[in-house]
Amino acid sequence: MDRLDNAIRPYAWGSPTAIPHLLGTEPTGEPQAEMWMGAHPGAPSRTGRGTLVEVIDADPEKELGPAAVARFGPRLPFLLKILAAGAPLSLQVHPDLEQAKEGYADEERRGIPVDAPHRNYKDANHKPELICALTDFDGLCGFRAPLAAAGLLDDLGIDSLKPYVDLLHAHPEDAALREVLTAILTADPEEMSRTVAEAATACTRLGGAYAPYADIAHHYPGDPGVIAAMLLNHVRLQPGEALYLGAGVPHAYLNGLGVEIMANSDNVLRCGLTPKHVDVPELLRIVRFRPSDPGVLRPEASPDGEELYETPIDEFRLSRYVLPEAGGAHDLTRATPQILLCTAGTVRAGEHDLTPGRSVFVPAGEKAEVSGTGTLFRATVVA
């Protein structure tokens, strides 16, 4: 197994202290938003044998196993991250596999450079994801029931929001949500900026359920995403709880530290809370306009101590082990590739001692015995 040296991405929304605190290093004063573990070409993990991309490319069947290669191709199908949100991320949605293939092929035909700021599809893959909280973690996930969203907006007492309130009382619900989101994102920018400023003042005054939106408005003054965010469920995860985010579900992470795993893709359609490109027509094609419960996940424990976060897709499988002081060794050997990440205590993985934030890559079929006292996350695939 290979110890991983992982890149940290300095996105502006990142916390300057959360990842350094986990790693036991000194903060640099700059934001440290995500630590990537995997073989994404944008920032592959490094090993003693080269980057993980180079290691896998040299012998995909040996590193990934024949079953994973047959199912997902000769690349690691997931990307594991530690995510540290110090400010809200963009309000966004991801396409399903068919939509991603269509969108990517269309932009290729039109000759849009893959690094163009107005390009939506960087690849032909979908991007389901799972976030598991390491600290209290705030996010937005899925649409509220339209009447609940109408009540939230109406209680702000802002005249310019009343047309949205009226629309949210219409039927059917999916059409009401579509009309309101479309109206918000296509409104006159100056008028929307004034509405957002009034909403920010009202949210600050009201507090309570409005406090998250006051904070969002503080970070993104005048952004129509502030109003769009009020259409969504606010959820606070406790450590160990998780959210699964499938295709078409609008979401945003607001604050906290977590372990995130996703299919290996960069495809994001943004709804707001960002200076980046917002493609409203394409976004409206991708979003699934139906109210839903956020669906907080708690891990299912098995007799061998593995706690699994169940999801409906196969590109990734995330579980954790909470190893007690008196526990013996656990054999984690699998016929599929794995990344093992320590988030608390000290865990011995093969010949490697892992402290918080440290990880290893385990090739398919390689012996993987772990012991120690702490918390270990295990990322692999279903094949």
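I began with F143 and F289 and found both buried, meaning under 20% relative accessible area, with exposed over 50% and partly exposed in between (1.4 Å probe, protein chains only). The model is a predicted one, in which local features need pLDDT of at least 70, side-chain atom pairs count only at pLDDT 80 or more, and totals for chains, interfaces and linings use all residues. Residues are numbered from 1 along each chain as its sequence is written, and side-chain values use heavy atoms, with hydrogens and water left out.

**Aromatic pairs**

I looked up ring pairs of Phe, Tyr and Trp (its six-membered ring), taking centres within 6.5 Å; planes under 30 degrees apart count as stacked, over 60 as edge-to-face and the rest as tilted. I found three aromatic pairs in the structure. Y11 and W13 make a tilted pair, because their planes stand at 35°, with ring centres 5.8 Å apart. Y11 is partly exposed at 28% relative accessibility, and W13 is buried at 15%. F143 and F289 are stacked, with 5.6 Å from centre to centre and 25° between the planes. F143 belongs to strand β9 (residues 137-143) and F289 to the loop between α12 (280-286) and β14 (300-301), so this pair links parts of the chain 146 residues apart. For the elements I used DSSP runs, numbered from the N terminus: helices (H or I, at least four residues) and strands (E, at least two).

I also checked charges over rings (NZ of Lys or CZ of Arg within 6 Å of the ring centre and within 35 degrees of the ring normal). The charged end of R9 sits over the ring of W36, at 4.6 Å from its centre.

**Nonpolar cores**

I took a core as a set of buried Ala, Val, Leu, Ile, Met, Phe, Trp, Tyr and Cys residues joined through side-chain atoms within 4.5 Å. The largest has 50 residues, and L140, L153, L156, I184, I216 and L231 touch the most other members. Helix α9 (residues 189-206) gives this core its largest share, six residues. A second, separate core has 37 residues, including M37, L76, A84 and L341.

For contacts I used heavy atoms within 4.5 Å. Beyond its neighbours within four places in sequence, I184 contacts Y164, M192, P224, I227, A228 and L231.

**Y220**

I placed Y220 in the loop between α10 (211-219) and α11 (225-229). Y220 is buried, at 17% relative accessible area. Outside four places in sequence, Y220 contacts P88, V226, L273 and T274. P88 is 132 residues from Y220 in sequence, yet 8.8 Å away C-alpha to C-alpha.

**Cysteines**

I searched the whole structure for disulfides (cysteine sulfur atoms within 2.5 Å) and found zero. C141 is buried at 3% relative accessible area. C342 has no disulfide either; the nearest cysteine sulfur, in C132, lies 14 Å away. C342 is buried, at 0% relative accessibility.

**Strand β16**

I counted six of the seven residues of β16 (residues 317-323) as buried. Strands pair if DSSP finds at least two bridges between them. Strand β15 (residues 307-309) runs antiparallel to β16, joined by three bridges. E307 has R320 of β16 as its bridge partner. Strand β21 (residues 369-380) pairs with β16 over seven bridges, also antiparallel. R317 stands opposite T380 in β21.
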